[in-house]
Amino acid sequence: MTDMNPPGLMISAPSSGTGKTTVMLGLLRALAEDGLVVQPYKSGPDYIDPAFHLAAAKRPSFNLDTWAMDAHLLDAVTSQAAGAEICIGEGSMGLYDGVATRGQSGFGSSAETAKRMGWPVVLVVDVGGQAQSAAATALGFKNYDTDVPFAGVILNRVASPRHERLTRLGMEKAGIKVLGSLPRRGDLALPERHLGLIQAVEHPDLEAAIAGYAAFLRENVDLEAIKAAALAGQAPAPASLPQPPAQRIALARDAAFSFTYPHLLTGWRAAGAEILPFSPLADEAPAADADLVWLPGGYPELHGGTLAAAETFRAGLRKHAETKPVHGECGGYMALGEALIDKAGNRHRMLGLLGLVTSYEKRKFHLGYRRAFLQAGMPGFDAGCALRGHEFHYSTILEEPDAPLANVMDADGGPVPETGSIKGNVTGTFFHLITGEQA
């Protein structure tokens, strides 16, 4: 192993909604077009962005999460950059935003990730409605923690050449390098829905969109300066990704079930497990010889009628559950329940393996890190284990009659009512698993 990791950068911003995803995807593709092997990363627990990163860079993206992951797992994820020539990380929320209570390695901020990886920050600043004043924002971010390496800024939503000149004047006065200036373009936004971006698999023409972002970045960003700003971090210590919960894992994978953290699937495969994808929306049953069926999160609420009518899927899963384990996360948990009520108030029959009834008719926002102490075992973990994960959905529980799977807490240790369920061989949680804590 070399002494240094590939050079890298962190694309971050003062807040959400500044255009950093557009910059990230355009930059990944432009660098790949230049012949570089690019390793994408996402700082924080987002499970939608990595699929877009994969489409742009043609290389799987991985989450780096200082709240949920210990040093061992962070090293294992960092080592996925082996063979790459440059790493590009995308931050979550604002650069310094995290939780209030320290987790396994930190508070979950993008600044912590940048510091740990040795990646200089490229701050995407929305300069709409201001000019020289944007420099004060950038300077504050640069100086807030001087241990965080800082490469410069990309100005976004620039209204005119005059606006750009004035904004650059401010940055020059503050001693901040301008790496690019992006004109205001209303047509570049990615489609969104209630959890943020739509899924990559649902985008009507993702390839054309990403090619457009790359062309836009080439016209308006100094790519050579971006490459030159990237710095190499220390090579990670040897470490392995999480072990698989079974040898042959039937994994639901389609537009209704797609949210699985890439480091889990990569770890399972690396340890020799077989991943057997199947599509509930196409009315496919899981492989009959699978040891475990895993239903990830996603958007079952958008496909209630299709899932209710998927009799082959239903029969195959119910037969499997008679003798072998089934686990569902968030949307997968809802699909294991008795019924799901969509936002129009229509009730759809689900698998009925758990008594859970959920509704989107009255939306309630559930967001945040979760720490769960298992009261009963689930695939891959025994009772008493502590798990770290993340919850992000709008569904309301109407009925949850089965035995609770875990005592679940938020990032600050406060109890949350979404305990998950266990009934026979079937388990489910509202949080998406990131890792089990090491004993």
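**Close-up views of a predicted model**

**View 1. Contacts of Met171.** Setting aside residues up to four places away in sequence, Met171 touches Ala134, Ala135, Ala138, Val153, Leu155, Ile176 and Val178 (contact means heavy atoms within 4.5 Å). The model is predicted: local features need pLDDT of at least 70, side-chain atom pairs count only at pLDDT 80 or more, and totals for chains, interfaces and linings use all residues. Residues are numbered from 1 along each chain as its sequence is written, and side-chain values use heavy atoms, without hydrogens and water.

**View 2. Two nonpolar cores.** A nonpolar core is a set of buried Ala, Val, Leu, Ile, Met, Phe, Trp, Tyr and Cys residues joined through side-chain atoms within 4.5 Å; buried means under 20% relative accessible area (1.4 Å probe, protein chains only). The largest has 104 residues, of which Ile88, Val153 and Met171 touch the most other members. A second, separate core of 30 residues includes Leu276, Tyr333, Met350 and Tyr360.

**View 3. Asp75 in helix α3.** Asp75 lies in helix α3 (residues 71-78); helices are DSSP runs (H or I, at least four residues) numbered from the N terminus. Asp75 is buried, with a relative accessible area of 14%. Beyond its neighbours within four places in sequence, Asp75 is in contact with Arg116, Pro236, Ala237 and Ala239.

**View 4. Helices α1 and α2.** The axes (lines fitted to C-alpha atoms over the stretch in contact, with angles from 0 to 180 degrees between N-to-C directions) of α1 (residues 20-33) and α2 (residues 49-57) come within 8 Å and cross at roughly 30°. The two helices are therefore roughly parallel to each other (angles under 35 degrees).

Notes
Parallel < 35°, antiparallel > 145°, perpendicular 65-115°, else oblique. Buried < 20%, exposed > 50% of the residue type's maximum accessible area, 1.4 Å probe, protein only.
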